[in-house]
Amino acid sequence: MNIRKRLAAALLGTAVITLSTVHAPPAEAFAGTPEDVRFVEITHDHVDLTFVDMSTAETSFQVEYKQLGTTIWSLVRTYRDHRAGQPAATGVTIRINDLPHNGTIGGCYKVWAVGTNVRLGTAQHCTAEVPHGMKMARMLSWTQTSESSYNGWLYGLEHQSLFREFEFTWATDYCTSSPDQPSGFDFRLPCLRHDFGYRNYERLGAFSANKSRVDSAFYADMRRKCDTYFIAVRPACYSLAAIYYEAVSIFGVLSVSQETIDHHTRWRAELQAQ
């Protein structure tokens, strides 16, 4: 065996020995998140909470609270479980009393089971529904033509769990029966925000009063997207944005012919060539 082969064999043997001595740490016994969170008693300024313990090795339970319609969560209580022997996940109900609460606005709670190396929490549970006026105010802030309004909506899209109690729908078919990326210009996010505006204003019974502004925001979003492309091809992008806007503004449905798309595809290619 030559020197190269002996060296390769030695390295391979070392690698095998190294791998054979690696052992995964034992998994911590921790069955799952608390279940069946309920409000036992609600008054103007406090809430009594119950939940079912479903973990086997928690060191404590933590309760977080936020006011209805906001996004800031605060730790309001740490409950250390002193049950003798710390039983396994047998469905024991635990009660935590006198949690802070703003009864005028309403609030939401999460319950976390905390172990040595793990923290598992419930979905939020709210003491009231978000009022119609608060939903309308949030929709108004997210459907303006400004870039700041778009960025606020985009944050909501990317952090939907923070706004769960609003019960907004984020469902979309993007640009409906027209291409989502016509002639290579990406209009997916503008179409998604447009769908968000249409569908949620319809659910809130306020579609007609807000349609025009949602359409204008759609046009502004597409033009801002066009601004991100090379300056030479922007005229084709602006033209498509105007056509998409006119389709929803005049007809209420985004349907653009393939002939129009093909024309703009050729136009973009010519602009790039020039």
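1. Let me start with helix α7, residues 258-273, in this predicted model. The helix has 16 residues, so at 1.5 Å a residue it should span 22 Å. Its end C-alpha atoms lie 23 Å apart, which agrees with that expectation.

2. Which residues of α7 are buried? They are I261, H264, R268 and L271. These residues cover an arc of only 85° around the axis, and therefore sit on the same side of α7. As for what covers the buried residues of α7, the cover includes α6 (234-251).

3. Next, a look at C191, which belongs to helix α4, residues 188-203. Is C191 buried or exposed? Its relative accessibility is 1%, so C191 counts as buried, the cut-off being under 20%. Leaving aside residues up to four places away in sequence, C191 touches T172, Y174, C175, F218 and L254. A further distance to check is the one to T176: this residue is 15 residues from C191 along the chain, and their C-alpha atoms are separated by 8.4 Å.

4. Finally, the strands. β1 (residues 35-42) and β2 (residues 46-53) run antiparallel and are joined by five bridges.

Conventions. Residues are numbered from 1 along each chain as its sequence is written. This is a predicted model: local features need pLDDT of at least 70, side-chain atom pairs count only at pLDDT 80 or more; totals for chains, interfaces and linings use all residues. Side-chain values use heavy atoms; hydrogens and water are left out. Helices (H or I, at least four residues) and strands (E, at least two) are DSSP runs, numbered from the N terminus. Buried means under 20% relative accessible area, exposed over 50%, partly exposed in between (1.4 Å probe, protein chains only). Contact means heavy atoms within 4.5 Å. The expected span of a helix is 1.5 Å times one less than its number of residues. The arc is that of the directions from the helix axis to the C-beta atoms. Two strands pair if DSSP finds at least two bridges between them.
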